[in-house]
Amino acid sequence: MYVCGPPVRTPPPHVSHMHGKDNIKDRARGPRDEERNDRCSGNFRVRLESADQAPANQEPCVVLNTRRASRRLRGAERRNMTPETRTDTRGVASASRQCFSLWRKKNVPQKAGGSWSPLGLDEEGRRGHRVGHLVPGGVRHLQRFWGASGDFWQDLWTKLHVTFEGHHTALFYLGTMLVPTLAFWGVNALLLLVDTTGKPAFITRYRIQVDKNNPVDKRKLFHALKTVLFNHLCISGPMVVGAYQLMTLRGDPCGPQLPTFHRALLELAFFSILEELMFYYSHRLFHQPSLYKRFHKQHHEWTAPIGIVCIYAHPLEHMISNMLPVALGPVVLASHLTTTSLWLCMALISTTISHCGYHLPFLPSPEFHDFHHLRFNQCFGVFGVLDRLHGTDAKFRLTKQYERHSLLTGLTPLSESVPDAPTKGRDL
């Protein structure tokens, strides 16, 4: 398989394929023969010379013999090989990687602050395994998945980038408008099916407020949908356009190189912290009596929320409290389109789950924000950190909802495993 450059009919001079051991003795030795790597597998030999000995006018083609060696290991040849021969054959891949590394250092320009990497990982990123004990287990598994994918993500992005060459504005709007919109309405379409029909029945078992929205009031739902569509198209859309204009002042958000794994992870963490800060304080501001009655009361018409009402709000509130905390982070960091698109999808799906009214298995718990719609003056934030700091979750921590506020890893609804305390009427 040729990694770089077009395939040629004959091997380039700096990579030789010889059959038999006698041919190598008759060749003239160069000044750097000690640095050459010879690997032998039966009558199959690869002699790898230093890549910088290739002619300057010839496009270097690094021949990776991994697949060829793998084919030779199949069938009768593999059964007849000794353990020593198999070890030598595996060395072909190592030698080929050394050749590719030498060619890369010579021909690929390095970026400032780090060397080129097909994964988009610089030297600091590749040293991440040295501090792996400081990274949570889930992040390490995600990092291994990213590394095991090889050039897949970068190649995919390169093809998309080349397709939209000269049309980066369209590419940005596709990534920040179309993709998050599909994610938002795809999830909410499934939830609306359950809310309006009550089917499939096994999902309704996980409803948090059991006696509410069973089924949902269709007239009330239709009114909410009109406001949601208006906010989505007339408020969110123009704010994304404004965000693009600000981001282009600091560079191209649709650059050809993907961000490193660690860079993307740190940016998502920064976005989450910024969202918690801005949403908590803006949300509490809209709960002030003078603002609540005029703006925020519309959102609290749903004391038992459903997924679609996550952006059912007054346009001013949607702009300040819903959109600004989410959109500001990518603008501040001038993030790459891929990171921005991923973040917008995560934010929309997260707020949908918080309002969906179902505590489903293996999904984040919506008990926290559902309690806010039920009691109005508790649980203002996203993660609950600032609520704990300011004591605005004190009543919530005394309830059964707080006991259920955890990841459900089984199939038994938490309303059954942690039932509500019997009321006095029931005791009588």
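**Cavities and fold**

Modeller: About 60 Å³ of space lies in the second largest cavity, taking a volume as the space filled by probe spheres set on grid points joined across faces, edges and corners. Heads-up: this is a predicted model, where local features need pLDDT of at least 70, side-chain atom pairs count only at pLDDT 80 or more, and totals for chains, interfaces and linings use all residues. Residues are numbered from 1 along each chain as its sequence is written, and side-chain values use heavy atoms, with hydrogens and water left out.

Colleague: How many charged residues are in the lining of the second largest cavity?

Modeller: A cavity here is a set of points on a 1 Å grid over the protein atoms alone where a 1.4 Å probe fits but cannot get out, and lining residues have an atom within 4 Å of a point. The lining includes Arg207, Glu367 and Arg404. With Asp, Glu, Lys and Arg counted as charged, the lining has four nonpolar, two polar and, for charged, three.

Colleague: What volume does the largest cavity have?

Modeller: The count comes to two cavities of 30 Å³ or more. Of the 13 residues lining the largest cavity, those closest to its centre include Arg207 and Gly357. Its volume is about 80 Å³.

Colleague: And what share of the protein chain's residues count as buried?

Modeller: Buried means under 20% relative accessible area, with a 1.4 Å probe and protein chains only. Of the 428 residues in the protein chain, the buried share is 44%.

Conventions
Buried means under 20% relative accessible area, exposed over 50%, partly exposed in between (1.4 Å probe, protein chains only). On a 1 Å grid over the protein atoms alone, a cavity is a set of points where a 1.4 Å probe fits but cannot get out, and a pocket is an open set with protein on both sides within 12 Å along at least five of seven lines; lining residues have an atom within 4 Å of a point.
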